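This briefing is written to be read beside the sequence and the coordinates. Please keep both open while going through the points.

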Amino acid sequence: MIRGGRERVAALASRADLALARLASWRAVTVLVPLLVCAFHWRAARPGMAFVGADLRYFFFGLREAVAEALRHGALPGWQRGIFVGYPLAGDPQSAVFDLGTLLTLPWDAPRALTLSTLLHLCVGGWGMAFWMRVRGLSPAAGLLAAVLFSLGAKQTVHLQHWIFAASCAWWPWMLAGLDGFARRGRGRFLLLTAIASACSWFGGAAQMAYFGTLLAGAHALVLAPSLWRRRPADALLALAAAPLGLLLAGPMFLPVRELASLGPRGAGVDYAFATSWKWPSRWGFALFVLPRAYGGGWRLSEMNLWEATGYLGLLPLGLAAALSLVRRGIWHFALLAVVSVWLCFGEDSWLGLHRLFYDWLPGYGSFRNPTRSLMVTSLVSALVAAEGLEALRAPAVDARDRAWRKLAIRASVALALLGAAAVVLPDLKGFPFNAGRAQANARVAVGLVVAALLWIAAAARWPRVRTGAAWALGAAALAFADCYLAFGDPGDA
């Protein structure tokens, strides 16, 4: 009887492991991404519901109605007499006339159309991250973790009222996947993917985000160029040209925008005071990497708000980053870009005058304000690093490698413990500018997340075979989802 019971338990465990293995397949990840996006934003995803925010109500809803009305009549939106004293729709990138989401959501009214478009672009971004991780040779579980962190991360979520951010950022991972695919397989279709994704990013309507994405792809192509040159010089040149080619493909949007911009207030250039506005006002901005919901009640300045200040990446990604050799995995340049993006958040107060240096010397950068928006780059890089870190911790349970694995696990555990301690200590420090009550409540959540992550690592240390299984790997995505939802998944005041 006991033997029969054990056999039944073993059979059930085997079936459960098989089911989880199927969940950790690439086909399953493709299905899970939209399910998780809709679960995260379940209130807005319900029929008849919509995302809402001041910018949506007072600008984007009216803009979308005007664009949709023209497109429904088979006309390209031009001069609009119903907005202000006249408004050139085709000359404003925020109208997103050529964006795929705009065309697919024409049957709905503006609030619902923009909501569906946003959800669609979040899925596109998640699928892109999963595809990029697959091209890089990572497992489906790592791809799902990256998809969750990028599509549902704090910076993406707080900017949902700027729906064009999701529309433009969704194509970043596809651009990078195309470059990595070309570097590994040498097939031109990957560069075509980069160029088309770059054009779609510009069509998304957030020129600043499309600009950052193009720079990100250009920097990655520059790092890949030496090895591509050794393979064939033409390959290096083609890789460097792929992302800029996307801007040329986006000419139907870019040229009217450029013409209008030359006639508008920014035609004569943007002064530095405008470019550095909405920067982090102090070094306390780093605290928001640990206590994302502490913002309420503090930093009530005329040029700072929650969605611009937020840079929260999640606690697990920071722990996984500590377990990763950035040089060995060939992502040191992404980590450098992430650090620079944080550095730029201080605007005119950035160390060594880096923001002013970018304003003066980097073409196009001086056209934008809100230095903290560069944190979207940091968000993407953290998703990549977390996926790579998870893959490093999934090393096979071989005795010769256990010591090396334990070093990685210890590094990740120490980093997580330090983050938990920082969450507890920060609200009590002198000069803490945020809401102390909310920060202390947030600290309890942070400690809970840290404990859960430490138990997750401890399980792999106690039972080495666990870390090669699907359940343990999927646990990382579940922790990331919970972390992101506890940060800003609740639409209430943060």
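The points below go from the whole chain to single residues.

This is a predicted model, in which local features need pLDDT of at least 70, side-chain atom pairs count only at pLDDT 80 or more, and totals for chains, interfaces and linings use all residues. Residues are numbered from 1 along each chain as its sequence is written, and side-chain values use heavy atoms, with hydrogens and water left out. The protein has 23 helices and two strands; these are DSSP runs numbered from the N terminus, with helices (H or I) of at least four residues and strands (E) of at least two.

**Overall dimensions and surface**

- The radius of gyration is 23 Å, which agrees with the value near 23 Å for a compact globule of 494 residues; it is taken over C-alpha atoms, and the globule rule is 2.2 Å times the number of residues to the power 0.38.
- Along the principal axes, the C-alpha atoms fill a box of roughly 85 × 55 × 50 Å.
- Of the 494 residues, 54% are buried (buried means under 20% relative accessible area, exposed over 50%, and partly exposed in between, with a 1.4 Å probe and protein chains only).
- The protein exposes about 22,100 Å², and carbon and sulfur atoms supply 65% of this area; accessible areas come from the Shrake-Rupley method with a 1.4 Å probe, and for residues only the protein chains shown count as cover.
- Among contacts between residues at least 6 apart in sequence, 78% join residues at least 24 apart, where contact means heavy atoms within 4.5 Å.

**Charge**

- There are 46 positive and 25 negative side chains, and the centres of the two sets lie 10 Å apart.
- Lys and Arg count as positive and Asp and Glu as negative, while His and the chain ends are not counted; the place of a charge is NZ of Lys, CZ of Arg, CG of Asp or CD of Glu.

**Aromatic pairs**

- The whole structure holds 25 aromatic pairs; rings of Phe, Tyr and Trp (its six-membered ring) pair if their centres lie within 6.5 Å, and planes under 30 degrees apart count as stacked, over 60 as edge-to-face and the rest as tilted.
- Trp280 and Phe286 form an edge-to-face pair, 5.9 Å centre to centre with 70 degrees between the planes.
- Trp280 is buried at 0% relative accessibility, whereas Phe286 is partly exposed at 33%.
- Trp456 and Trp472 count as stacked because their ring centres are 4.1 Å apart and their planes are at 5 degrees.
- Trp456 lies in helix H22 (residues 436-462) and Trp472 in helix H23 (residues 470-489), so this pair ties together parts 16 residues apart in sequence.
- Trp456 is buried at 8% relative accessibility, and Trp472 is buried at 5%.
- One aromatic cluster is formed by Trp280, Phe286, Phe289, Trp343, Phe346 and Trp351.

**Loop residues**

- His159 sits in the loop between helix H8 (154-158) and helix H9 (163-169) and is buried at 1% relative accessibility.
- Leaving aside neighbours within four places in sequence, His159 is in contact with Phe165, Trp307, Glu308 and Arg373.
- Trp278 is not a glycine but has a positive phi of about 65 degrees; Trp278 lies in the loop between helix H15 (272-275) and helix H16 (306-309) and is buried at 16% relative accessibility.
- Asn370, not a glycine either, has a positive phi of about 55 degrees; Asn370 lies in the loop between helix H19 (354-361) and helix H20 (375-393) and is buried at 3% relative accessibility.
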